[in-house]
Amino acid sequence: MPFNRFFHIAISTIFIATCFVATPSTAQSTDEEVKSLGDILNPRMDYGNDGKPLTSAIMANHYFKTCMEEKSYIFGEDEKEILCGCTSAKMSETLTVTEFMELNKKTSRGREARSRMLAYDYAPCMEYVIEKKVRTDCMTSSRLEDIVRGKAAVCRCVSNRFKDYINDNAAYIIMRATHFDPMTLTPLEHYFSEKDYSSQRDVIINQCRYDFEYARDNKR
């Protein structure tokens, strides 16, 4: 399925799904704010704008700095920089200042802002950070222990196929993460800590290994 077409479907699905996520009662959610991603967008904070009117670019820059300060159990600093940088750049183009300020609120407008951010800004960036992690996991996989030559080629195949899998299943990955944590802005942290990732990775490793060995045998 072409990515643009998939994305239209994914965005619609995410917006619909988040409307049914369990949230605190209306009486509590209207005024209560949850500290998320380092208290990312508190309107009382100084965003370093030198007294100038706030813009989406200023808010996106603040998001990037706060995103980089957050501890990740999945990604290294280089990968965090790619994901935070890509996401913040897209946010500066798609979110208004008001939407930025709603991101960490337990309100209907907060849910809408998070849904928009995850669908339009976070999801398109996911494929760029998985290559290193997937390839490292592949190279150390017990399923390839007996391969002396060709392991790197197999793992390149795994990495490339996993990018396609992430793109095709971005909506599912995001919805599953928000089901467990409706306030999350980092669905991949949840995905890579689940068995879904390891199961799918092993399936793709088996596929790529078969393709590699089949091609090698045909050369004999």
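Cys157 is partly exposed in this predicted model, its relative accessible area being 21%. Its disulfide partner, Cys208, is buried at a relative accessible area of 2%.

**Cys157 and Cys208**
- The sulfur atoms of Cys157 and Cys208 lie 2.0 Å apart in a disulfide.
- This link of Cys157 and Cys208 is left-handed, with -75° about the S-S bond.
- Distant parts of the chain are linked by the pair, as Cys157 belongs to helix H8 (residues 151-168) and Cys208 to helix H11 (residues 195-218), 51 residues apart.

**Cys67 and Cys84**
- Cys67 is joined to Cys84 by a disulfide with an S to S distance of 2.0 Å.
- The torsion about the S-S bond of Cys67 and Cys84 is about -70°, and the disulfide is therefore left-handed.
- Because Cys67 lies in helix H3 (residues 56-69) and Cys84 in helix H4 (residues 77-94), the pair ties together parts that are 17 residues apart in sequence.
- Cys67 and Cys84 are both buried.

**Cys86 and Cys125**
- A disulfide is formed by Cys86 and Cys125, with 2.0 Å between their sulfur atoms.
- The value about the S-S bond is -80°, and the link of Cys86 and Cys125 is left-handed.
- The pair connects distant parts of the chain, 39 residues apart: Cys86 is in helix H4, while Cys125 is in the loop between helix H6 (108-122) and helix H7 (127-139).
- Cys86 and Cys125 are both buried.

Note on methods:
Residues numbered from 1 in each chain as written. Predicted model: local features only at pLDDT ≥ 70, side-chain atom pairs only at ≥ 80, totals over all residues. Heavy atoms only, no water. Disulfide = S-S within 2.5 Å. Helix = DSSP H or I, 4+ residues; strand = E, 2+ residues; numbered from the N terminus. Buried < 20%, exposed > 50% of the residue type's maximum accessible area, 1.4 Å probe, protein only.
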